[in-house]
Amino acid sequence: MKYIPASLVFICCFIFGGIMFKTMTPPKCEKLEQTDTIFVLTGDTRRIPYALKKLDSLQYGNLYIIGAGAPQNITTKKHIAIESASKSTYQNALAIKKITDQEHLKRIVIVTTEDHMNRALYLLRDTLPDTDIIACPASLTGMSTPLRLKRWGIEYIKYIVTMFGIKES
């Protein structure tokens, strides 16, 4: 009986895991409530405009822009606050926890791009186990297939690293 090389098994497992990673990403934004608080993670130009559009659909909602690179001129709009000290997804989660605790929020909405959503949710659910976290992924439409695959691959590797306990990846 011939044996299967370990490298082939590893590659197959990696590819299968990548497919699972992609399929477990929420395909669209879940239903929002009129009083929801939205947290948008900076890092991609699609995220903030998408979050602003979601905020406009809420009668009493609030928006927190979390992370370095947030545009400072946006705070002239009501119901918007900026946290710009956090520099990583894990630091974003800690900043969101601080705000969630201060505001006594039991339900929050997370906006990030679809490729980043799984890792963001993993870190947030670990940081905020008693909070209802609603996923609201911004689509990567309009991006070339090679660039999209590269981004998904990078996020998949970061997700694996995060699962092994390395949160600052």
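**Exercise 1.** State which residues Glu 30 touches, not counting residues up to four places away in sequence, and describe its setting.

*Solution.* 
Step 1. Glu 30 touches Ile 134 and Ala 135 when residues up to four places away in sequence are not counted. Contact here means heavy atoms within 4.5 Å.
The model is predicted: local features need pLDDT of at least 70, side-chain atom pairs count only at pLDDT 80 or more, and totals for chains, interfaces and linings use all residues. Residues are numbered from 1 along each chain as its sequence is written, and side-chain values use heavy atoms, with hydrogens and water left out.
Step 2. Glu 30 sits in the loop between α1 and β1 (37–41). Helices (H or I, at least four residues) and strands (E, at least two) are DSSP runs, numbered from the N terminus.
Step 3. Glu 30 has a relative accessibility of 38% and so counts as partly exposed. Buried means under 20% relative accessible area, exposed means over 50%, and partly exposed lies in between (1.4 Å probe, protein chains only).
Step 4. Glu 30 and Tyr 3 are 27 residues apart along the chain, and their C-alpha atoms are separated by 46 Å.

**Exercise 2.** Describe the protein as a whole: how many helices and strands are there, and in what order do the elements run?

*Solution.* 
Step 1. Count the elements: the protein has five helices and five strands.
Step 2. Read from the N terminus: the order is α-β-α-β-β-α-β-α-β-α.
Step 3. Take the extent: along its principal axes the C-alpha trace spans about 70 × 35 × 30 Å.
Step 4. Of the 169 residues, 44% are buried.
Step 5. Look at contacts between residues at least 6 apart in sequence: 70% of them join residues at least 24 apart.
Step 6. The protein exposes about 9,900 Å², and carbon and sulfur atoms supply 61% of that area. Accessible areas come from the Shrake-Rupley method with a 1.4 Å probe; for residues, only the protein chains shown count as cover.

**Exercise 3.** Determine at what angle α3 and α4 pack, and which residues make the contact.

*Solution.* 
Step 1. Helix α3 (residues 89–103) and helix α4 (residues 114–127) pack at about 45°, and their axes are 9 Å apart. Axes are lines fitted to C-alpha atoms, for helices over the stretch in contact, and angles run from 0 to 180 degrees between N-to-C directions.
Step 2. This angle makes α3 oblique to α4. Angles under 35 degrees count as roughly parallel, over 145 as roughly antiparallel, 65 to 115 as roughly perpendicular and the rest as oblique.
Step 3. From α3 the contact uses Thr 89, Tyr 90, Ala 93, Leu 94, Ile 96 and Lys 97; from α4 it uses His 116, Arg 119, Ala 120, Leu 123, Leu 124 and Thr 127.
Step 4. Sorted by class, the contact of α3 with α4 has seven nonpolar, three polar and two charged residues. Ala, Val, Leu, Ile, Met, Phe, Trp, Tyr, Cys and Pro count as nonpolar, Asp, Glu, Lys and Arg as charged, and the others, Gly among them, as polar.

**Exercise 4.** Decide whether Asn 92, Thr 131 and His 104 are buried or exposed, and place each in the structure.

*Solution.* 
Step 1. Asn 92 is found in helix α3. Asn 92 is buried because its relative accessible area is 5%. Beyond four places in sequence, Asn 92 touches Leu 41, Ile 66, Gly 67 and Ser 86.
Step 2. Thr 131 lies in the loop between α4 and β5 (132–138). With a relative accessible area of 15%, Thr 131 is buried. Leaving aside neighbours within four places in sequence, Thr 131 is in contact with Thr 100, Leu 105, Lys 106, Arg 107 and Ile 108.
Step 3. His 104 lies in the loop between α3 and β4 (107–113). His 104 is exposed, at 65% relative accessible area.
Step 4. Most residues other than glycine have a negative phi. His 104 has a positive phi of about 55° although it is not a glycine.
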